Amino acid sequence: MRRPTGDDDSLLQRAVRGEADCFTELVHRHRPWVCRLLSAMTSDPEAAEDLAQEVFTRLHRHAGSYKSRGQFVAYLKQLALNVGRSYLRRIPGVTLVAWDEQKEPLGEIRSDLLDAILTRQVQDEVRASVEALPPDQREAVLLHYFGGWTVPEIAARVKCPEGTVKSRLHHGIRKIREALTKDSATQKEEQ
């Protein structure tokens, strides 16, 4: 049996018209990154799997109301973020954005963060430095570097100019580098 082809918007439109294999293809294409994003948000890979199921259930339920404008991935990312945030609000004392050791990479990680995430100790240091960021910088860093969002997508999501998002990313990464450099220097002094 051949898998359906086409862009995401056309597959969703066909799924609405009753072609179930088109929806299955969308799940096949997007479930891996949706799970990685939710796992990064929740620090719980098992919960992320369940939440991804909820994301695709909601997508299926509301597929008819989606306006096809070539924005499917952005729509799905927003849906995943909403499901993840809803989950986190139900857990007392949980930080909104965090991540844990992953079995597979968290999407496309650029800059020197890839080099930083090599050992468990460094992962803990990176996690702590990201969680210590102000909420607006933390959200921008996680969405961009671990969720694969572009600057325009983040700007539209948080309703601010792209320059503000770039500034948040710049300052957030600078603070992470400073924290990691400080931790590294402290460790060398202790040895």
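Colleague: Is P32 buried, partly exposed or exposed?

Modeller: Start with the scale. Buried means under 20% relative accessible area, exposed means over 50%, and partly exposed lies in between, with a 1.4 Å probe and protein chains only. P32 has a relative accessible area of 38%, so P32 is partly exposed. One caution: this is a predicted model, where local features need pLDDT of at least 70, side-chain atom pairs count only at pLDDT 80 or more, and totals for chains, interfaces and linings use all residues. Residues are numbered from 1 along each chain as its sequence is written, and side-chain values use heavy atoms, with hydrogens and water left out.

Colleague: Where does P32 lie?

Modeller: Helices are DSSP runs of H or I with at least four residues; strands are runs of E with at least two; both are numbered from the N terminus. P32 lies in helix α2. P32 and A52 are 20 residues apart in sequence, yet their C-alpha atoms are 9.1 Å apart in space.

Colleague: What about R31?

Modeller: R31 is also placed in helix α2. Its relative accessibility is 21%, so R31 counts as partly exposed. Now for contacts: contact means heavy atoms within 4.5 Å. Leaving aside neighbours within four places in sequence, R31 is in contact with E49, A52, Q53 and F56.

Colleague: How many helices and strands does the protein have?

Modeller: Nine helices and zero strands. Along the sequence the pattern reads α-α-α-α-α-α-α-α-α.

Colleague: How do I check the span of α3?

Modeller: Work out the expected span: 1.5 Å times one less than the number of residues. α3 has 17 residues and reaches 24 Å from its first C-alpha to its last, close to the expected 24 Å.

Colleague: Which residues of α3 are buried?

Modeller: A47, A48, L51, A52, V55, F56 and L59. These buried residues pack against α1, α2 and α4.

Colleague: What share of the protein is buried?

Modeller: Buried residues make up 40% of the 191 residues. Next, look at contacts with a separation of 6 or more: residues 24 or more positions apart account for 61% of them.

Colleague: Which residues touch the most other members of the largest nonpolar core?

Modeller: First, the term. A nonpolar core is a set of buried Ala, Val, Leu, Ile, Met, Phe, Trp, Tyr and Cys residues joined through side-chain atoms within 4.5 Å. The largest core here has 48 residues, and L12, V34, L38, V55, L59 and L76 touch the most other members. Elements giving two or more residues to this core include α1 (8–16), α2 (20–42), α3 (45–61) and α4 (72–89). α2 gives the most to this core, with nine residues.

Colleague: What is L76 in contact with?

Modeller: Leaving aside neighbours within four places in sequence, L76 is in contact with H30, W33, V34, V55, F56 and L59.

Colleague: How do I read an aromatic pair?

Modeller: A pair of aromatic rings is described by the distance of the centres and the angle of the planes. Rings of Phe, Tyr and Trp (its six-membered ring) pair if their centres lie within 6.5 Å; planes under 30 degrees apart count as stacked, over 60 as edge-to-face and the rest as tilted. The structure holds two such pairs. The ring centres of Y66 and F72 are 6.1 Å apart and the planes stand at 85°, so this pair is edge-to-face. Y66 and Y75 form a tilted pair, 4.9 Å centre to centre with 55° between the planes. Y66, F72 and Y75 form one aromatic cluster.

Colleague: Is Y75 buried or partly exposed?

Modeller: Y75 counts as partly exposed, at 27% relative accessibility. Y66 is buried, at 12%. F72 is buried too.

Colleague: Which residue lies over the face of W33?

Modeller: The rule: a charge sits over a ring if NZ of Lys or CZ of Arg is within 6 Å of the ring centre and within 35 degrees of the ring normal. Here K77 lies over the face of W33, at 6.0 Å from the ring centre.

Colleague: Where does K159 lie?

Modeller: In the loop between α8 and α9. K159 is exposed, with a relative accessible area of 74%. Its phi is near 55°, a positive value in a residue other than glycine.
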